[in-house]
Amino acid sequence: MTRDFSSSLNPSQLEAVYATEGPVLVIAGAGSGKTRTIVYRLAHLVEQGVSPSSILLLTFTRKASQEMLQRAADLLGEGRGLARVQGGTFHAFAYGMLRRHTPPGWPDRLTVIDRSDAESLIREAKAELGFGKGDRSFPKASTILDNVSKSRNKEFALRDILSNESFHLLPYADEIETLGDTYDRKKRACGMLDYDDLLFALETLLRSDEELLTNVRRRFEHVMVDEYQDTNLVQARLVELIAGKGGNVMAVGDDAQSIYSFRGANVQNILSFPQVFPGARTIRLERNYRSTQPILGFTNQILAQSRLLFEKKLWTEDEGGPTPQIIRPLSDLSQARLVAGKIVELRKEHPPGEIAVLFRAGYQSYHLEVELNKLGIRFAKFGGLKYTEAAHIKDVLSFVRILRNPSDTPSWHRVLAPIKGVGPKTSARLVTSLLSGDREYVDSWRKKRPELDALLGFLDELRSREYSPGTLLEQIVKFYTPQLEERYPDDYPRREAGLEELLQIAAGYKELDLFLADLSLENPEPRGGEREEVVTLSTIHSSKGLEWNAVCIIDLIEDRFPSRHAMNRVEEFEEERRLLYVACTRARKYLALFVPKAVYRRGKETTEPATASPFVREIPGEYYEEWQENYTGGLSQTKGAPEYRRPPSALNPPQQRTKPSGTPGAAASAPPPPAPDPSTMGFCNHKVFGRGKIVAVIPPDKYRVNFPGFGLKVILAQYLEMEGEQGRQSG
DNA sequence: TGATTGGTCCTTTTT
DNA sequence: GGACCAATCA
């Protein structure tokens, strides 16, 4: 029995739903009903008699896959076994496979390590090799890890990564390479897989075991991959391996929403899908069901200014609705107050669950969080630091991890550190002695420090019994709580609540391995109770795939959005633009961008003027209203589009902020800074920043350039177009 | 020798 | 607020 979905879906969506044989690529613009299409396709497959357990649904988060499965189940009615659909992230799927089959080159008990574990291992390696002693500019563990990981994800030699993206680290290339190798050896020795290993180890496994590969291919008759524009090379190869060349595989994505190239995501995957899977059918979903025309007009403008071309023309029939607003608070501090006020106002019209505040980086919401707490507005925050990274959570988990893997040295250091008189050195010796059976050293310390005796006794007690994750955690928390209160006298109640949450999560697991892996691979939520409807605060990256009636985006100023780290290369700059595009397209009915006029500088106790983000400056005035915060409080409109969409006639060039000019003539030309080599001075052009003055030469191949409106930048020569000799002569 | 303390710098995004 | 280092303390 097959149902007719034609009343619920448009023709392109229907085509995607019914195209179940062979490879299919769906290019789905923002808000084009992508999720709906996947849900209906799942339902259709099952109605066709495909067994749910032979469908593999790879998504960006497990939450996304669960939501799709739930909706498909709602559509079909319960009892269709949709829970048996295999789904989740590539990483979680890989771990599931690797738990059952040991890949060549790895021991058979494998643990997943997260970012901070990986950094600890690098630090360990650094100390062992004696690198960077006394050298303040030696790269930090996290920088080293960034580059090592980038090299793997992009599959470029480390040296190429360094010279393309972090040329200042080139002098350390040899050391970084050695550290990377040592890090790799350490992981393999104790069976620790980092995020990248999960993918590569699965690939190695599938390539090394033909029988397994055949079984996997037979098992998954249908493979569906969401957010395909954010997959990297190894993920694309995994899809190819699992589906097979002519297999039934559907990739869904949107090249305009690619925002993960920093971790190796490759838009090329989506573009070359038709070549990799010959005979692939390409279907485009371009009708937008999410946003009103004013919002769509605004978001189309963001892409229209792109230096890299995207052919995207989303359209909608939803004409009405308010014009997007650009709101200019006096500073980022008053921005927090204004946003909180805006939320209060929006709540009159929308439930709290339909309101979101988005930002580029986790720390940008701190002021707002304080403000919301003051007003008693409940919110949930996504992205930024994970709560598993909080010190007390890591402390408690260290106990668990030692039980699982006694050679987990970073965890030993954590649990031993609070003992008086034990620093890194002693702790390392203690661990070696414990593991090698050198009782003498250990016993002498046990006599000296009763805490150590108690700690080891406690661990032995835990080891002697097989506790469920929940009970185990309970014991550990009981043991740990006195320490907690001593160490964090100010805010231990908050931390205790966090541990309580951890207990809730643990209680949902039967196997310790899975509990630990999920903590690293997913963001599990404490179970029990209906999730209360609250306002969402989220990084843009974490907002991917979600939508709200009302969306506010904050801190749209230079250095914050685009991030100052993303200003060196055109590709990075353009990714920031897509990020803003993703953020704005989350909104259904109301969209506001906050552009503070000044930012508060910590430490200096002053505010400094801020420049509006170039993305905002580029948008033609007829697409938004502008409001500014008054000194007397409140907002007043400074620029407006009373009726929507006047013909985009003479585009106003982005207005330069009027400066308080005391000396009118001299203000325009900045005094020329001292140049190391006057013969190279001159002007140059950059794709993103425009015309700038060369201020200094940085050998071998960089220039420091002053770009009006952007400030000083260090740029590789290859990205600059020098103005010719003749131009200089005449100037 | 190794632990502790105080000062300085930086602080993107995620599996 | 944390990571890292140098100086100081046991």
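Chain A has 28 helices and 23 strands, where helices (H or I, at least four residues) and strands (E, at least two) are DSSP runs, numbered from the N terminus. Please keep in mind that this is a predicted model, in which local features need pLDDT of at least 70, side-chain atom pairs count only at pLDDT 80 or more, and totals for chains, interfaces and linings use all residues. On conventions, residues are numbered from 1 along each chain as its sequence is written, chains are lettered from A and ligands numbered from 1 in the order in which they are written, and side-chain values use heavy atoms, with hydrogens and water left out.

Of the 731 residues of chain A, 51% count as buried, buried being under 20% relative accessible area, exposed over 50% and partly exposed in between, with a 1.4 Å probe and protein chains only. Contact here means heavy atoms within 4.5 Å. Among contacts between residues at least 6 apart in sequence, 72% join residues at least 24 apart.

Let's turn to helix H6. Its residues, 141-154, number 14, and the helix reaches 20 Å from its first C-alpha to its last, close to the 20 Å expected at 1.5 Å a residue; that expected span is 1.5 Å times one less than the number of residues. Which residues of H6 are buried? They are Ala141, Ile144, Leu145, Asn147, Val148, Lys150, Ser151, Asn153 and Lys154. An α-helix has 3.6 residues a turn, so residues three or four places apart point the same way. The buried residues of H6 pack against helices H5 (115-129), H7 (158-165), H8 (173-190), H9 (195-208) and H11 (233-243). Just after H6, Glu155 takes a positive phi of about 60 degrees.

That brings us to backbone geometry. Most residues other than glycine have a negative phi, and most peptide bonds are trans. Glu227, in the loop between strand S6 (222-225) and H11, has a positive phi near 50 degrees. Is Glu227 buried or exposed? Glu227 counts as buried because its relative accessible area is 8%. In the loop between strand S13 (548-553) and helix H25 (570-584) we find Pro562, and the peptide bond from Phe561 to Pro562 is cis, with omega near 5 degrees. Asp555 lies in the loop between S13 and H25 too, with a positive phi near 60 degrees. At 1% relative accessibility, Asp555 is buried.

Now for the cavity. How many cavities of 30 Å³ or more does a search of the whole structure find? The search finds one. On a 1 Å grid over the protein atoms alone, a cavity is a set of points where a 1.4 Å probe fits but cannot get out, and lining residues have an atom within 4 Å of a point. The largest cavity holds about 40 Å³ of space, a volume being the space filled by probe spheres set on the points, with grid points joined across faces, edges and corners. Lining the largest cavity are Asp395, Phe399, Arg414, Val415, Pro418, Tyr480 and Gln483. Helices H17 (391-404), H18 (409-416) and H22 (469-487) are the elements that give two or more residues to that lining.

Val415 is also one of the buried residues of H18, and the buried residues of H18 pack against H5, H17, H19 (424-436) and H21 (450-463).

Finally, Thr481 sits in H22 and counts as buried at 17% relative accessibility. A polar atom of the Thr481 side chain lies 2.6 Å from the backbone oxygen of Val477.

Terms used
1 Å grid on protein atoms, 1.4 Å probe; cavity = no way out; pocket = protein on both sides within 12 Å on 5 of 7 lines; lining within 4 Å. Polar contact = N/O pair within 3.5 Å; in protein donor to acceptor, adjacent residues only side chain to side chain.
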